[in-house]
Amino acid sequence: MNTIHPEAAQRIQHELLNDENIYWAGVPDPKVIFHSDDWVMIPFSLVWTGFCVFWELSAMEIFGTSANKQPDLFMELWGIPFLLIGNYMVWGRFFVDAWLKRRTYYAVTNRRVMVLQDGLKKKTSMTFLNSIPSIEQEGSETGTLWFGPKYPIIAGRRQPNRGLSRFSVGEIPIFADIDGVGSVHRLVVELRDKSGATSPLTYSS
């Protein structure tokens, strides 16, 4: 059963076209949810941060490897940005995601899929149903839908990539951590077929 979240519908209402109606509206699940990306990100972030901590302690001569050597201020300052990045990857990104979740709204209409976010500034991302090239689903109960290519977090120089957060609004709409992800997926496919789309749709789950 496809539900309409009242607050999400109210926020999205101002973005609708004259002939547009909401068929589903929702918000991300507020709980901390680990994703497939975390199988890579968590070990990588722990190794990164561990090395940065070792770097800082070495620069401060905490280990006392040389009795005559003084702490290297330049090396200490050089390591601080990398240490901050490591802390963001280990735990900071979860706090950022929690903050963004409370300000992110999703909707499926008879014409588009839409993402609206009222963060530090208002951001929107949308795609017309008949322009969706592919749909990728992750999860069965609570999960994520990509309405376009699922780019890797880390990619080559010529290949697009995406940020660490699934709640960073970009060109490709993403419904992240939504309940009933399978039913929303089916709804989008049905509405796209009714819209008279002629291009083939590819999707995976």
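**Close-ups of a predicted model**

View 1. Q137 sits in strand β5, residues 134-138 (strands are DSSP E runs of at least two residues, helices are H or I runs of at least four, and both are numbered from the N terminus). This is a predicted model, with residues numbered from 1 along each chain as its sequence is written, and local features need pLDDT of at least 70, while side-chain atom pairs count only at pLDDT 80 or more. Side-chain values use heavy atoms, leaving out hydrogens and water, and totals for chains, interfaces and linings use all residues. With a relative accessible area of 13%, Q137 is buried (under 20% relative accessible area; exposed is over 50% and partly exposed in between, with a 1.4 Å probe and protein chains only). The side chains of Q137 and H185 make a polar contact of 2.7 Å (a pair of N or O atoms within 3.5 Å; within protein, one must be able to donate a hydrogen and the other to accept it, and residues adjacent in sequence count only if both atoms are side-chain atoms). A polar atom of the Q137 side chain also lies 2.8 Å from the backbone oxygen of G139.

**View 2. V189 on helix α4.** V189 lies in helix α4 and counts as buried, at 17% relative accessibility. Setting aside residues up to four places away in sequence, V189 touches I135 and L201 (contact means heavy atoms within 4.5 Å). Twelve residues separate V189 from L201 in sequence, and their C-alpha atoms are 8.5 Å apart.

**View 3. The largest nonpolar core.** This core has 24 residues, and V108, F175 and V188 have the most contacts inside it (a nonpolar core is a set of buried Ala, Val, Leu, Ile, Met, Phe, Trp, Tyr and Cys residues joined through side-chain atoms within 4.5 Å). Two or more residues come from each of β2 (104-109), β3 (112-118), β6 (142-146), β7 (174-179) and α4 (181-194). Helix α4 gives the most, with six residues. Apart from this core lies another, of ten residues, including L16, A25, Y105 and M114.

**View 4. Around V108.** Leaving aside neighbours within four places in sequence, what is V108 in contact with? Its partners are N21, I22, Y23, W24, V113, F175, V184, L187, V188 and L191. As general background, nonpolar side chains tend to be buried together in soluble globular proteins.
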